[in-house]
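Keep the viewer open as you read.

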Amino acid sequence: MSDLQATADRLAIQALPIEFADSAMMRDWDRFAGLFTQDGTWRMPHAGMVFTGRDEIRPAIERLQGNWQFFIQTVHLGTIQLDGDTATGRSYVEEFGNFNDGSSHRNYARYHDLYQRTPDGWRFTERKYEVLYVDMTPLTGSPANASTVFDLPAGLQA
């Protein structure tokens with residue numbers, strides 16, 4: 001494999017966790033499920049949940065995200081090991097938000113990923129979620145909306 005191809009593969013693979021977070025936050029369930037191979041698996045052992053195949057993953061993310069009043073997930077890229085048309089890797093996430101019942105949640109987690117090159121580009125064949133830290137302390141802020149006013153320090157005002 002050429003250095004140029006390896007670089008292109010790494011960039012394409014690095015985009016997957018970013019697309020994963022964005023599609024979840026934008027509630028784009030079809031895009032979310034499409035990041036997996038047809039028979040890909042999304043595992044959340046801490047909650048006893050395993051979803052296999054796009055036909056299970058799509059309704060699962062819709063149902064899970066339906067529990068949130070608001071949800072934020074940021075991605076921190078980890079490692080990628082290429083092996084031809086497959087690869088392994090890790091990424092790290094911070095998640096926080098409020099559930100519909102008013103309770104809060106913040107966690108830091110790691111995804112262990114398996115990837116496959118497909119005719120449509122790189123896809124997850126497996127994402128295994130490993131929670132590293134959980135904080136259920138009520139969040140002190142609130143979701144921003146059109147009526148939210150931000151008081152900026154004098155030096156930052158337009």
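How much space lies in the largest cavity? The answer is about 40 Å³, in a model that is predicted. A search of the whole structure turns up one cavity of 30 Å³ or more. To find the spot, look for its lining: Ile-13, Gln-14, Pro-17, Leu-77, Gly-78, Thr-79, Ile-80, Arg-90, Ser-91 and Tyr-115. H1, S3 and S4 are the elements that give two or more residues to this lining, and S3 supplies the largest share, with four residues. Sorted by class, the cavity lining holds five nonpolar, four polar and one charged residues.

The protein chain has three helices and six strands, which run α-α-β-β-α-β-β-β-β from the N terminus on. Its C-alpha trace spans about 55 × 40 × 30 Å along the principal axes. Of contacts between residues at least 6 apart in sequence, 51% join residues at least 24 apart.

Now turn to the open space. The largest pocket has a volume of about 390 Å³. Two or more of its lining residues come from each of helix H1 (3-25), strand S1 (36-44), helix H3 (54-65), strand S3 (68-83), strand S4 (86-99), strand S5 (104-118) and strand S6 (121-135). The lining counts 22 residues, and those nearest the pocket centre are Met-44, Leu-64, Trp-68, Phe-71 and Glu-95. By class, this lining has 15 nonpolar, six polar and one charged residues.

Next comes the packing. In soluble globular proteins, nonpolar side chains tend to be buried together. Here, the largest nonpolar core contains 26 residues, and the members that touch the most others are Phe-20, Phe-32, Trp-42 and Phe-51. At least two core residues come from each of H1, helix H2 (29-34), S1, strand S2 (49-52), H3, S4, S5 and S6.

Leaving aside residues up to four places away in sequence, Trp-42 touches Phe-20, Phe-32, Phe-36, Met-49, Val-50, Phe-51, Ile-57, Ala-60, Ile-61, Leu-64, Tyr-111 and Arg-127. Among these partners is Leu-64, one of the residues nearest the centre of the largest pocket.

Buried residues make up 34% of the 158 residues in the protein chain. The chain exposes about 9200 Å², with carbon and sulfur atoms supplying 53% of that area.

Technical notes: Residues are numbered from 1 along each chain as its sequence is written. This is a predicted model: local features need pLDDT of at least 70, side-chain atom pairs count only at pLDDT 80 or more; totals for chains, interfaces and linings use all residues. Side-chain values use heavy atoms; hydrogens and water are left out. On a 1 Å grid over the protein atoms alone, a cavity is a set of points where a 1.4 Å probe fits but cannot get out, and a pocket is an open set with protein on both sides within 12 Å along at least five of seven lines; lining residues have an atom within 4 Å of a point. Grid points are joined across faces, edges and corners, and a volume is the space filled by probe spheres set on the points. Ala, Val, Leu, Ile, Met, Phe, Trp, Tyr, Cys and Pro count as nonpolar, Asp, Glu, Lys and Arg as charged, and the others, Gly among them, as polar. A nonpolar core is a set of buried Ala, Val, Leu, Ile, Met, Phe, Trp, Tyr and Cys residues joined through side-chain atoms within 4.5 Å. Buried means under 20% relative accessible area, exposed over 50%, partly exposed in between (1.4 Å probe, protein chains only). Contact means heavy atoms within 4.5 Å. Accessible areas come from the Shrake-Rupley method with a 1.4 Å probe; for residues, only the protein chains shown count as cover.
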